[in-house]
Amino acid sequence: MNKTYRVILDVIWYLILFVLLQLLVTYAVNTVALLFNNMPFGAAIKYAATHPILSSTTLIVSSAISSALTILVFVLFKFTLVSKSYLRSKPWASLFWVVLLALGTILPSTWLMEQMEIEVPTAVERMLTALMGDRWGYLTVGILVPIAEELVFRGAILRSLQKVFTNRWIAICLSAVVFALVHGNMAQLPHAFIMGILLGWLFVRTNSIIPGVVLHWVNNSVVFVMYNLLPNSANEHLIDLFGGNQRAVWMSLLFSLCILLPSLFQLTVRLKKAKE
């Protein structure tokens, strides 16, 4: 079989597997929850198929199990190569700049999303509210999801795309597009695409998902903390958070760039490949 076709089939398989694990686990958890609430088996199966979000508890449990199962499957079947080589290089300074890079991207990408003026779909908003509004939601949002998604989208999909695209930026951009589209709504697409580019760049430069996991973790953690400290922030624009002061918005964006750009420069200098 032609190498390009093989890679395309691998990428499609990874995507199908990733989505299928989420859907099946959600369906199973919801069905079990309904049965525990004394709903007849037949009715529970039908209801679970049409109501993916029963409660914040079932959503958190299903998200945690599906993420953990994704990690297990992709590592166990070696769809992603996992190695301690990168950590053995003691990349602590690089990871520090990865943290700063994550912090520097949040406000600019939020501002970009606002310019598109696209509302988050109701179903997605309900899901995010359920996950973010519960302290146990952090187990999924802050820890398991970053690891699972980096294993799939960088460790498996981007690694495969690199086999057929000699220009690494084509592979990075394609993986970023896939990553953005999987989020399932146009409102999150700009931020997910930008993050996909950065995460892909970190992976290609280091041959490791660890920098990407750190970036992903910081991004999701900040969003989680902000949601809980400022519950109304999810429905407000940046100008609302700054008391209607447009100048404060521009200054905050400038401050973010003063973090983001030096971080990119430092990482360009410091990032090194991990050996297989």
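# Briefing: helix packing, cores and selected residues

Lys78 is found in the loop between H3 and helix H4 (85-88); helices (H or I, at least four residues) are DSSP runs numbered from the N terminus. The model is predicted, so local features need pLDDT of at least 70 and side-chain atom pairs count only at pLDDT 80 or more, while totals for chains, interfaces and linings use all residues. Residues are numbered from 1 along each chain as its sequence is written, and side-chain values use heavy atoms, with hydrogens and water left out.

**Loop residues with positive phi**

- Lys78 is a residue other than glycine, yet its phi is positive, near 60°.
- Lys78 counts as exposed at 65% relative accessibility (buried is under 20% relative accessible area, exposed over 50%, partly exposed in between, with a 1.4 Å probe and protein chains only).
- Asn38 has a positive phi of about 65° and is not a glycine either.
- The loop that holds Asn38 runs between H1 and helix H2 (41-50).
- Asn38 is exposed, with a relative accessible area of 71%.

**H3 with H7**

- Helix H3 (residues 56-76) and helix H7 (residues 137-161) have axes that come within 9 Å and cross at roughly 30°; axes are lines fitted to C-alpha atoms, for helices over the stretch in contact, and angles run from 0 to 180 degrees between N-to-C directions.
- This angle makes H3 roughly parallel to H7 (under 35 degrees counts as roughly parallel, 65 to 115 as roughly perpendicular).
- On the H3 side, the contact (heavy atoms within 4.5 Å) is made by Ile60, Ser63, Ala64, Ser67, Thr70, Ile71, Phe74 and Val75.
- H7 contributes Gly137, Leu139, Thr140, Leu144, Val145, Ile147, Ala148, Leu151, Val152 and Ala156 to this contact.
- The contact of H3 with H7 has 13 nonpolar, 5 polar and no charged residues (Ala, Val, Leu, Ile, Met, Phe, Trp, Tyr, Cys and Pro count as nonpolar, Asp, Glu, Lys and Arg as charged, and the others, Gly among them, as polar).
- Ala68 also lies in helix H3 and is partly exposed, with a relative accessible area of 37%.
- Ala68 and Asn228 are 160 residues apart along the chain, and their C-alpha atoms are separated by 24 Å.

**H5 with H12**

- H5 and H12 pack with their axes 8 Å apart, at an angle of about 145°.
- From H5, Ala93, Ser94, Trp97, Val98, Leu100, Leu101, Gly104, Thr105, Leu107, Pro108 and Trp111 take part.
- They meet Trp250, Ser252, Leu253, Ser256, Ile259, Leu260, Pro262, Ser263, Leu264, Gln266, Leu267 and Arg270 in H12.
- By class, the contact of H5 with H12 divides into 15 nonpolar, 7 polar and 1 charged residues.
- Ser256 lies in helix H12 and counts as buried at 4% relative accessibility.
- Not counting residues up to four places away in sequence, Ser256 touches Gly104, Leu107 and Pro108.

**H6 with H10**

- The axes of helix H6 (residues 122-132) and H10 cross at roughly 85° and come within 10 Å.
- Thr129, Leu131 and Met132 in H6 meet Val223, Phe224, Tyr227 and Asn228 in H10.
- The contact of H6 with H10 has 5 nonpolar, 2 polar and no charged residues.
- His216 is found in helix H10 and is buried, with a relative accessible area of 5%.
- Leaving aside neighbours within four places in sequence, His216 is in contact with Pro146, Glu149, Glu150, Arg154, Phe179 and Leu199.

**Nonpolar cores**

- The largest nonpolar core has 50 residues (a core is a set of buried Ala, Val, Leu, Ile, Met, Phe, Trp, Tyr and Cys residues joined through side-chain atoms within 4.5 Å).
- The residues with the most contacts inside this largest core are Phe74, Phe153, Ile157, Leu202, Leu215 and Leu267.
- Two or more residues of this core come from each of helix H1 (3-36), H3, helix H5 (92-116), H7, helix H8 (168-182), helix H9 (189-206), helix H10 (210-229) and helix H12 (246-270).
- Phe153, leaving aside its neighbours within four places in sequence, is in contact with Leu15, Phe18, Leu158, Ser175, Val178, Phe179 and Val182.
- Another core, of 8 residues, lies apart from the largest one and includes Ile60, Leu131, Met132 and Val141.

Notes: Angles under 35 degrees count as roughly parallel, over 145 as roughly antiparallel, 65 to 115 as roughly perpendicular and the rest as oblique.
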